[in-house]
Amino acid sequence: MRIFLVRHGESLGNISESAYRQFGDHNVPLTEWGYQQALAAGRSIASYLAALPRAAPKATIWHSPYLRTRQTKDAIIEASPSDAIGDVHEDYLLREQDFGLFTEIYDRAEQRRKFPEEFEKWARLRNNSGKFYARPPDGESRADVAQRVRLFLQTVMHDIGSGNDTAIIVGHGVTNRAFEMNFLHQSVEWFERSDNPGNADVTLIEGSHAQGYRSMLLHTADDREPTEATEMRGAHGSELTIAPKTRD
C-alpha cells in the first residue's frame with residue numbers, strides 16, 4: 001500500500017494575506033507558479049510509480065473541496081499518464097482548518113485589535129492546554145482537525161480494502177500532517193514538533209500491515225525565485241477564480 005500526501009501548490013494567499021479577504025479562504029486560487037509546482041509534484045509521483053518492479057494499479061485521488069486543492073489535483077492528473085489515475089473523489093473532511101473569527105485574519109496583532117477579549121481567551125487556552133487543543137474563537141483546534149481526518153482515514157482504508165491500494169491525497173498543511181499522525185499513530189508531541197509540508201511537497205507513506213509503514217519526503221517543490229516573471233505571481237485559472245469576492 002502506498003499513499004501520497006500532497007499539499008496544494010503556492011496560492012495567492014501564500015503571497016499576500018489579503019487574498020483571503022478578497023476571495024474567501026475556500027476560493028483562493030493557485031498562482032501560475034503554484035500550478036507549475038503541482039505539475040512537478042504529479043511528475044514525481046508518476047516517476048516513482050513507473051520505477052516500481054511491478055506495475056502499480058491506478059491511483060485513487062482524494063482532494064479537499066477548496067479551490068487551490070482542486071487546481072492542484074487537476075495539475076497532478078495533467079502530469080500523469082492517461083492510464084495512471086482511477087477514481088477521483090472530493091471529501092469535505094480534508095478542508096482547511098477553520099479559524100473561526102480569525103478566518104481571513106492571519107496577523108496576530110490584527111486579531112488582537114479586532115477581537116481583544118476573544119484573542120486573550122485563546123492565548124490563555126494555548127498556554128494552559130497547548131496549541132494542539134486550543135480552539136480559536138468559533139473555530140477548530142488542531143485536535144478537531146485530527147479527529148475529522150481520522151474519520152476520513154476510515155474511508156480511505158475501506159477503499160484500500162477493496163483493492164485500491166494506491167492513493168493520492170491532496171490537502172492542506174495541517175490536514176496532511178494530521179493524516180500522517182493518525183495513520184502512523186504518532187503522538188501529539190510529534191505533531192507539535194513537526195512542520196507543515198511546503199507547497200506542493202509530496203510525502204509518501206508506504207508499507208503493509210504485516211511489515212509496518214514508513215513515511216518519507218518524496219518530493220520537495222521548488223520555490224519561486226524573487227526575480228521570477230510577474231505573470232507567475234498571478235492567479236491561475238478561469239475568470240471566476242480571479243473575480244473579486246462579493247458579499248451578500
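Is Arg95 buried, partly exposed or exposed, and what is its relative accessible area? In this predicted model, Arg95 is partly exposed, with a relative accessible area of 25%. Its side chain meets that of Glu140 in a salt bridge.

**The Glu140–Arg95 pair**
- The N to O distance in the salt bridge between Glu140 and Arg95 is 3.8 Å.
- Glu140 sits in the loop between helix H6 (116-129) and helix H7 (142-161), and Arg95 in the loop between strand S3 (85-90) and helix H5 (108-114), so the pair ties together parts that are 45 residues apart in sequence.
- Glu140 counts as buried because its relative accessibility is 11%, under the 20% cut-off.

**Other salt bridges**
- The count of salt bridges comes to 13.
- Asp74 and Lys73 are joined through their side chains, with 2.8 Å from N to O.
- Asp74 is partly exposed at 36% relative accessible area, whereas Lys73 is buried at 13%.
- Arg135 forms a salt bridge with Asp144, and their closest N and O atoms are 2.7 Å apart.
- Arg135 is partly exposed, with a relative accessible area of 47%, while Asp144 counts as buried at 16%.
- A network of salt bridges links Arg2, Glu206 and Arg214.

**Thr69 and its surroundings**
- Thr69 is part of helix H4 (residues 67-79).
- With a relative accessibility of 0%, Thr69 counts as buried.
- The Thr69 side chain reaches the backbone oxygen of Tyr66 at 2.7 Å.
- Apart from neighbours within four places in sequence, Thr69 is in contact with His8, Ser64, Val170, Gly171 and His172.

Notes: Residues are numbered from 1 along each chain as its sequence is written. This is a predicted model: local features need pLDDT of at least 70, side-chain atom pairs count only at pLDDT 80 or more; totals for chains, interfaces and linings use all residues. Side-chain values use heavy atoms; hydrogens and water are left out. Helices (H or I, at least four residues) and strands (E, at least two) are DSSP runs, numbered from the N terminus. Buried means under 20% relative accessible area, exposed over 50%, partly exposed in between (1.4 Å probe, protein chains only). A polar contact is a pair of N or O atoms within 3.5 Å; within protein, one must be able to donate a hydrogen and the other to accept it, and residues adjacent in sequence count only if both atoms are side-chain atoms. Contact means heavy atoms within 4.5 Å. A salt bridge is a side-chain nitrogen of Lys or Arg within 4 Å of a carboxyl oxygen of Asp or Glu.
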